[in-house]
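Please keep the sequence and the structure in view while reading.

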Amino acid sequence: MTMEHSPVRAAIGDDRDPASSAEGLASPSGGIEVAGLSKTYRRVVGREISLTAALADVSFSVAPQEFVSVIGPSGCGKSTIMKILAGLLDPTSGSVKVSGRPVEGPGIDRGCVFQSPGLMPWKTVVDNVVLALEFAGVPKRERRRRAKEYVGLVGLDGFERHHPGELSGGMQQRVGIARALAIEPVVLLMDEPFGALDALSRTRMQDELLRIWEQTKKTVLFITHSIEEAVVLSDRVLVMGNGVIAADVPIDLPRPRSRHTLLADPRTLELMRDLERLIGHSGDDRESEA
Ligand SMILES: Nc1ncnc2c1ncn2[C@@H]1O[C@H](COP(=O)(O)OP(=O)(O)OP(=O)(O)O)[C@@H](O)[C@H]1O
């Protein structure tokens with residue numbers, strides 16, 4: 001890994017960081033601010049209009065380099081927040097800012113990782129990442145080198161020329177993470193990235209993400225249905241229910257972390273029990289997978 005393109009350097013705001021513009025400097029690079037956010041979906045069904053209030057006056061902030069998870073029952077509005085932050089969906093009211101700038105559409109200051117990595121099956125691992133760099137406007141001469149660097153960071157050295165169909169689900173998700181990191185965003189938005197993985201791959205990926213986060217120190221907003229996953233990974237957990245934030249729980253566990261050590265710590269179990277209780281009281285009786 002070259003110093004010139006080290007992810008660590010990118011995370012602290014180097015000259016390629018789009019949030020380092022004069023306007024961006026007004027607020028710390030990578031901070032997220034969500035204020036009074038509401039979203040009502042409107043669907044026309046025949047002659048009827050159906051309205052679903054997915055978010056109702058949601059406010060929270062995420063500090064630069066903080067890892068915050070959002071947990072809550074199915075349908076409580078988690079993905080809606082993520083889509084608005086990614087610039088893929090307009091809110092009904094309220095504001096979202098990243099690095100002090102209003103989100104007005106997708107941008108290379110935010111890297112997104114979803115449950116399905118959506119890789120191009122006919123392209124190799126490296127070429128999938130190169131494609132994202134091309135869309136992000138990275139100069140051609142730099143794309144391949146940077147793609148290889150991030151494929152290495154997620155532990156896929158030696159698999160650069162494989163096609164997605166030749167990889168396990170966990171390895172494909174690593175490519176998705178490499179692709180999001182390679183554009184060197186200040187913020188990572190992760191919507192149930194490990195939701196489709198088997199239990200063993202999921203726990204491995206949690207350890208990998210802990211390692212990658214320690215190395216890159218991105219601001220991360222992470223959606224999960226798993227209480228254990230939220231506690232192991234996060235600095236703070238937001239508990240959602242019925243379109244509102246019902247609780248904001250600091251995770252006071254030491255870093256650097258490993259799952260193995262954390263799960264032997266009584267404080268981890270205490271936090272998991274607290275979250276379970278809070279989710280139970282979060283005002284939504286729809287079934288939770290947590
Ligand atoms: N495009 C849409 N049109 C109409 N209603 C929608 C749309 N997208 C989501 N909704 C509704 O908005 C509410 C919140 O959905 P959202 O996907 O944000 O929840 P979620 O907490 O992410 O759920 P899950 O955990 O199951 O992914 C749900 O009632 C859902 O049915």
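In which sense do strand 4 and strand 5 pair, and over how many bridges? Strand 4 and strand 5 (residues 101–102) pair in the antiparallel sense over two bridges.

## Basis of the description

This is a predicted model, in which local features need pLDDT of at least 70 and side-chain atom pairs count only at pLDDT 80 or more, while totals for chains, interfaces and linings use all residues. Residues are numbered from 1 along each chain as its sequence is written.

Helices (H or I, at least four residues) and strands (E, at least two) are DSSP runs, numbered from the N terminus. Two strands pair if DSSP finds at least two bridges between them.

Strand 1 is joined to strand 2 by antiparallel pairing over 11 bridges, and Thr 40 stands opposite Ala 53 in strand 2. Their hairpin has two residues between the strands, and Gly 46 in this hairpin takes a positive phi near 60°. Strand 1 also pairs with strand 4 (residues 93–98), in the antiparallel sense over five bridges; here the bridge partner of Ala 35 is Ser 95.

Strand 4 and strand 5 form a hairpin as well, with two residues between them. Lys 97 stands opposite Pro 102 in strand 5, and Ser 99 in the turn has a positive phi of about 55°.

An open sheet of six strands has the order 6-7-8-3-9-10, with mixed pairing. Its edge strands, each pairing on one side only, are strand 6 (110–113) and strand 10 (244–250). The twist averages 20° from one strand to the next. Strand 9 (residues 236–241) and strand 10 are paired in the antiparallel sense over six bridges, with Val 239 opposite Ala 247.

Two helices lie across strands of this sheet. Helix 5 (residues 169–182) lies across strand 6 and strand 7 (187–191) and runs at about 170° to strand 6. Helix 9 (residues 266–280) lies across strand 3 (67–71), strand 9 and strand 10, at about 170° to strand 10. Axes are lines fitted to C-alpha atoms, for helices over the stretch in contact, and angles run from 0 to 180 degrees between N-to-C directions. Two residues are in contact if their C-beta atoms, placed from the backbone, lie within 7 Å.

## Helices 3 and 4

Two packed helices are described by the angle between their axes and the distance between the axes. For helix 3 (residues 125–135) and helix 4 (residues 140–153), the angle is about 125° and the axes are 9 Å apart. That makes helix 3 oblique to helix 4: angles under 35 degrees count as roughly parallel, over 145 as roughly antiparallel, 65 to 115 as roughly perpendicular and the rest as oblique.

## The ligand shell

Which residues surround the ligand? They include Tyr 41, Arg 43, Thr 52, Gly 77, Lys 78 and Ser 79, where a residue is near a molecule if its C-beta atom, placed from the backbone, lies within 6 Å of it. The largest share of this shell, three residues, comes from helix 2.

## Backbone exceptions

Most residues other than glycine have a negative phi, and most peptide bonds are trans. Glu 184 is not a glycine, yet has a positive phi of about 55°; Glu 184 is found in the loop between helix 5 and strand 7. The peptide bond from Arg 255 to Pro 256 is cis, with omega near -5°, and Pro 256 has its place in the loop between strand 10 and helix 8 (259–262).
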